[in-house]
Amino acid sequence: MPPQEMKSAPWLEGTLFIDMTTKRIVWAEESEGCYLPRLINALIELTWPGWTAIWSPEGTRGTLRATGADTDIIYTDHSFKDLGDFDAASDMAPWTISNETDAFSCTTENNKTITWGNYIDLENIALLGPNKMHTLVNKVIQGCNEGKPWQWNLQTHNKQPEKGIHIDYINKTIKWWSIYEDDWAINPFNALWPGWTLHSKGDNYEWHENITGYKMRDWKQDVAQCKNSLTQTIKQGIRTGSARRFAHLGSCPSMGR
């Protein structure tokens, strides 16, 4: 089946594109988020000498684009839910911090950058639109100016962030990184943030560190976690079915989303 005819692509949990002409492997999967995808790329390139491995943070959409397919004729769902009142943004606000702390930052029109931690839902950010999002940012800035401990360096972070986003109101750009693939927000972003551009930075959390000035993740911890996860997988041997795989999901500390 030609890639442009894969109408069920939006529901696929993983895809792999092997390009024999350029020696590229492009892949996407609903991973467990146990470690940085770049570590898997490095292992693939080690066992496939001369090849380049590329992880698609935009899921199967990115894998299909690598084949040259027009994803606009495949991802055709442009119906978006109404989030209603502004309070819908409170789940991302620093005054309602959850156990899962991602990295949220914003540069305002006066070139002030503010960073805080809370769970990030890219789809909800897209659905809020730039104006409601701007209202939230201004509320955070006002609280910080009043002495509230909402800035990243004043918060307690119990784990490494698994996702980060930066909204730039000067250049009208939204950039995000993640160790999970995520493509549900792309259509609403395109529809509800006119004049803005959306960029994925893959798992490049270092880029976000440079913008905010705050440390996000620990490279040695990521490598150790990847090694431990692979070691446990090898010990399990050949798995005969999905039920057995499901039984081992609890071994990853990032599961339970």
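At the start of helix 6, a side-chain oxygen of D218 comes to within 3.3 Å of the backbone nitrogen of K220. That is a polar contact (N or O atoms within 3.5 Å, one able to donate a hydrogen and the other to accept it). The model is predicted, with local features needing pLDDT of at least 70 and side-chain atom pairs pLDDT 80 or more, while totals for chains, interfaces and linings use all residues. Residues are numbered from 1 along each chain as its sequence is written, and side-chain values use heavy atoms, without hydrogens and water.

Helix 6 covers residues 219-236. Helices are DSSP runs of H or I, at least four residues; strands are runs of E, at least two. At 1.5 Å a residue its 18 residues should span 26 Å, and the end C-alpha atoms are 26 Å apart, which agrees. The expected span is 1.5 Å times one less than the number of residues.

D222, Q225, C226, S229 and Q236 of helix 6 are buried (under 20% relative accessible area, 1.4 Å probe, protein chains only). They cover an arc of only 100° around the axis, so they lie on the same side of helix 6. The arc uses directions from the helix axis to the C-beta atoms. An α-helix has 3.6 residues a turn, so residues three or four places apart point the same way. The face turned away carries K220, K227, I234 and K235, which are exposed (over 50%). Just after helix 6, G237 has a positive phi of about 75°.

Pairing takes at least two DSSP bridges. Strand 2 (residues 24-29) runs parallel to strand 3 over 4 bridges. There, I25 stands opposite A53.
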